[in-house]
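Colleague: I would like to learn how to read charged side-chain contacts in a model. Could you take me through them one pair at a time?

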Amino acid sequence: MTRNGESTRVVLTDRDLEVLGSIAEHRYLTLAQLEQLHFASAQTTRRRLRLLAHAEFLKLLEVAGVADRVAALTSAGAEVLASRLGRSVEAGGRPQNALFLQHHLAAVEFRIRLLQACSARSDLKLAGFLPEHLTQTTR
């Protein structure tokens, strides 16, 4: 909402949908990680994510023990993404705790670096990568 009570309308770009998709896939991503995946500069990243957060497609969290702000998908972001993808998408909640989030973000950082390393070489291709939150532990 703007100061005069009018809603702020955001036209979602293809990149915005890719950003929302990355957040949905990983659950939580730092602004720096989103920059590595989708943007050319930190300033553009901050500006666009602030706009998406203001439109309530995502939320930007400040978590103790994590230096950068963390993006998570809201229910509105999940709904718009689900309608575009034709499948259900879950919104991200608040992380369990800072230690969980630090571990999760470190795993995401590993995946991003692995993707970058594979893209730098024509003889390598990442066949797949299953995010930890999608795996089930057996006991």
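**Salt bridges**

Modeller: This is a predicted model. Searching the whole structure gives 4 salt bridges.

Colleague: Which residue does arginine 48 meet in a salt bridge?

Modeller: A pair counts when a side-chain nitrogen of Lys or Arg is within 4 Å of a carboxyl oxygen of Asp or Glu. Here arginine 48 pairs with aspartate 16, at 2.4 Å from N to O. Arginine 48 belongs to helix H3 (residues 42-54) and aspartate 16 to helix H1 (residues 14-26), so the contact ties together parts 32 residues apart in sequence.

Colleague: Is aspartate 16 buried or exposed?

Modeller: Buried means under 20% relative accessible area. Aspartate 16 has 0% relative accessibility, so it counts as buried. Arginine 48 is buried too, with a value of 18%.

Colleague: What is the partner of glutamate 25?

Modeller: Glutamate 25 forms a salt bridge with arginine 111, and their closest N and O atoms are 2.6 Å apart. This pair links distant parts of the chain, with glutamate 25 in helix H1 and arginine 111 in helix H5 (residues 98-119), 86 residues apart. Arginine 111 is buried at 11% relative accessibility, whereas glutamate 25 is partly exposed at 33%.

Colleague: Which residue forms a salt bridge with arginine 121?

Modeller: That is aspartate 123; the two side chains meet at 2.6 Å, N to O. Aspartate 123 has a relative accessible area of 54%, so it is exposed. Arginine 121, at 44%, counts as partly exposed.

Notes
Residues are numbered from 1 along each chain as its sequence is written. This is a predicted model: local features need pLDDT of at least 70, side-chain atom pairs count only at pLDDT 80 or more; totals for chains, interfaces and linings use all residues. Side-chain values use heavy atoms; hydrogens and water are left out. Helices (H or I, at least four residues) and strands (E, at least two) are DSSP runs, numbered from the N terminus. Buried means under 20% relative accessible area, exposed over 50%, partly exposed in between (1.4 Å probe, protein chains only).
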